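Q: Let's look at a structure together. Please show me how to read its features.

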Amino acid sequence: MMGDFNYRRLLLRFTVLMTICFYSCVKSRSYDVPPDNCVSGLVANTTYTEVKNLYKGNTFQIQDDLIIEGYVISSDSDGNFFSVLYFQDKAIAPTEGFQIEIDVRDSHLFYPVGTKIKIKLKGLYLGKSKDIFKLGATFTSFGNVSVGRLPAAIVAEHIFKFCDAQAPIEPTKITINDIKEELTNTLVTITDVEIKEEEVGLSFAEVGEETERILIDCDDNEIALLNSGYSDFQSELLPEGRGNLTGVLLRENNNYMISVRSTADINFSKERCAELVDEFTSDNIFISELADPDNNASARFVELYNSSMEDLSLKGWKLKRYTNANTVVSSEIDLSTLTIEADDFVVISPNAEEFEIVYGFAPDLGVGTNSPADSNGDDNLQLVDPFGAIIDVFGVVGEDGTATNHEFEDGRALRKSEILKGSAVYVIEEWLIANDSGEAGTIKQPKIAPDDFSPRNRN
């Protein structure tokens, strides 16, 4: 009996010891995280710009009682962000973003995306690395003072969240061409992009390495997709197809990158650019209306029409202007960013703001003064395809339009509704032309905007 008792006592000790060892080896998910310190009365008293203006070239500790606020846009839930919190000044249409280095893992449990936060800046360090401002603690390396992670034990002394205040974040929708410095550290959705062809089939990142993959649009513009080699989706294959990608816009000097919170931020459901009709020619696209209103030169416009039953990309297409009697191109518009839908129009204005005020809707493309969309009625225009072929014309190159059958000064030139093809030679019979002189078979009838014009309508 005594031997059996000793055996059971030893077995109990062994079990307790193994249990202690087991729980001591389990990976903790708390990491000394800050308490749930929500506030309601803390008031911001400065802006991101004002804080950044405090920086004079060296990392320094903020001594003033300054408070900023913002909305959390990053998440470390899938491991693509680590020990950094990105936040922006507004939930919708932000004007600036910021970042703070914190030594807190699983920060998404305490600062979920959309959380409104206040940050007490007194005691924090402000620095700049690769032209990007950072808040945090400090560390010294080879005599250089830099911003580092704020220890978990004091995070709660500086970062506060509003009680029950969480807002849906609406990413700013942009193309690669729309990227600008002001959007750094904000949440954006980049539209119509795909993984560069050479990288399709690769994983998001190399094991244990921060990895750049390349996003590209149909006009060959590029931006880096930055992925962590420790993320949960590191080994997943990059998606095929084309579509939208949402992430935090990052920057190092003049180089831009974007990082997603998870693969749910990627929606590539469209076919790839290479599978689309790319550069092509078609006489179904032509000039359908030219406007030079007698009462408002800023309300001028050029209208193009697609008479076909399919959407057509204008990649590589140009609209050229020959001023007065010039035989050399005076100005041109690159139409590559536009797609003209089936049985639809593209309207181009030299003053987009004024156009919208006058006609009640925004033009498809805003360009500058002295462009082909800004003709005063005696110039000549050519619509040219990607291969240099003239698809449509208005006027006669080398002939000043004044007092001719291609003058529309203070009036308009309207393509007759039965015309469904462009013409490389000017044919007056295809047009209805009104101007201030009425010479050469045109109508003397100056036109007043908006009533005498019909952008996006063939009449």
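A: Start with a definition: a disulfide is a pair of cysteine sulfur atoms within 2.5 Å. In general, a disulfide is a covalent bond between the sulfur atoms of two cysteines. This is a predicted model, where local features need pLDDT of at least 70, side-chain atom pairs count only at pLDDT 80 or more, and totals for chains, interfaces and linings use all residues. Residues are numbered from 1 along each chain as its sequence is written, and side-chain values use heavy atoms, with hydrogens and water left out.

Q: How many disulfides does the rule give, and which cysteines form a disulfide?

A: The count is one disulfide. Cysteine 218 pairs with cysteine 273, with the sulfur atoms 2.0 Å apart.

Q: Why is the disulfide left-handed?

A: Look at the torsion about the S-S bond of cysteine 218 and cysteine 273. It is about -85°, so the disulfide is left-handed.

Q: Which parts does the pair tie together?

A: Strands (E, at least two residues) are DSSP runs, numbered from the N terminus. Cysteine 218 lies in the loop between β13 (211–217) and β14 (222–227). Cysteine 273 lies in the loop between β17 (266–270) and β18 (285–291). The pair therefore ties together parts that are 55 residues apart in sequence.

Q: Is cysteine 273 buried or exposed?

A: Buried means under 20% relative accessible area, exposed over 50%, partly exposed in between (1.4 Å probe, protein chains only). Cysteine 273 has 12%, so cysteine 273 is buried. Cysteine 218 has 25%, so cysteine 218 is partly exposed.

Q: Where is arginine 272?

A: Arginine 272 is in the loop between β17 and β18. Arginine 272 is buried, at 13% relative accessible area.

Note on methods
Helices (H or I, at least four residues) and strands (E, at least two) are DSSP runs, numbered from the N terminus.
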